[in-house]
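Me: Could you walk me through this structure, starting with whatever term I need before we look at single residues?

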Amino acid sequence: MNWQNSPELNDDNVRELPLYSYRIIYEISNQAIFILAVVHQRRKLISDDILREAKD
């Protein structure tokens with residue numbers, strides 16, 4: 001797999017996987033993997049566009 005850290009979110013647990021013209025942005029936790037967003041590569045993405053649960 002050819003994943004990388006997502007530049008919009010400065011978190012080592014959030015990664016992205018390119019797939020054709022899209023970016024699949026996901027978060028790895030201790031018990032699960034959460035898909036945070038699937039966006040077209042040409043779309044300008046900011047961290048506020050990605051909804052994440054609050055961490056305690």
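This is a predicted model: local features need pLDDT of at least 70, side-chain atom pairs count only at pLDDT 80 or more; totals for chains, interfaces and linings use all residues.

Reply: Let us begin with accessibility: a residue counts as buried under 20% relative accessible area, as exposed over 50%, and as partly exposed in between.

Me: Where does aspartate 49 lie in the chain, and what does it touch?

Reply: Aspartate 49 lies in the segment after strand 4, and, if we do not count residues up to four places away in sequence, it touches Arg43 and Lys44. The C-alpha atom of aspartate 49 is separated by 9.7 Å from that of leucine 36, a residue 13 places apart from it along the chain.

Me: OK, zooming out, how many helices and strands are there?

Reply: The chain has 0 helices and 4 strands, and reading along the sequence gives the pattern β-β-β-β. The 4 strands form an open sheet in the order 1-2-3-4, with antiparallel pairing. Strand 1 (4–5) and strand 4 stand at the edges of this sheet, and each has a single partner strand, so one side of each is left without a neighbour in the sheet.

Me: How many bridges hold strand 1 and strand 2 together?

Reply: Strand 1 and strand 2 pair over 2 bridges, in the antiparallel sense, and glutamine 4 has glutamate 16 in strand 2 as its bridge partner.

Me: And which strands does strand 3 pair with?

Reply: On one side, strand 3 is joined to strand 2 (residues 14–19) by 6 bridges, and the two run antiparallel; here valine 14 has glutamate 27 of strand 3 as its bridge partner. Strand 3 is also joined to strand 4 (residues 33–40) by 7 bridges, again in an antiparallel arrangement, and in this pair isoleucine 28 has isoleucine 33 of strand 4 as its partner.

Me: What about the turns, how many residues sit between the strands in those hairpins?

Reply: The hairpin of strand 2 and strand 3 has 2 residues between the strands, and within that hairpin tyrosine 20 takes a positive phi near 55°. The hairpin formed by strand 3 and strand 4 has 4 residues between them.

Me: Is strand 3 largely enclosed or open to the outside?

Reply: Strand 3 is largely enclosed by the rest of the structure, because 5 of its 7 residues are buried.

Me: Which residues make up the largest nonpolar core?

Reply: The largest nonpolar core has 8 residues, namely Leu9, Val14, Ile25, Leu36, Ala37, Val39, Leu45 and Ile50. Strand 4 gives the largest share of this core, with 3 residues. As for leucine 9, once its neighbours within four places in sequence are set aside, it is in contact with Val14, Ser47, Ile50 and Arg52.

Me: Switching to charges, how many salt bridges does a search of the whole structure find?

Reply: A search of the whole structure finds 1 salt bridge, in which the side chains of arginine 23 and glutamate 16 meet at 2.6 Å, N to O. Arginine 23 and glutamate 16 are both buried. As a general point, side chains of opposite charge can pair when their charged atoms come close.

Me: Last one, what share of the whole chain is buried?

Reply: Of the 56 residues of the chain, 27% count as buried. The chain exposes about 4,700 Å², of which carbon and sulfur atoms supply 47%. Among contacts between residues at least 6 apart in sequence, 14% join residues at least 24 apart.

Technical notes
Residues are numbered from 1 along each chain as its sequence is written. Side-chain values use heavy atoms; hydrogens and water are left out. Buried means under 20% relative accessible area, exposed over 50%, partly exposed in between (1.4 Å probe, protein chains only). Two strands pair if DSSP finds at least two bridges between them. A nonpolar core is a set of buried Ala, Val, Leu, Ile, Met, Phe, Trp, Tyr and Cys residues joined through side-chain atoms within 4.5 Å. Contact means heavy atoms within 4.5 Å. A salt bridge is a side-chain nitrogen of Lys or Arg within 4 Å of a carboxyl oxygen of Asp or Glu. Accessible areas come from the Shrake-Rupley method with a 1.4 Å probe; for residues, only the protein chains shown count as cover.
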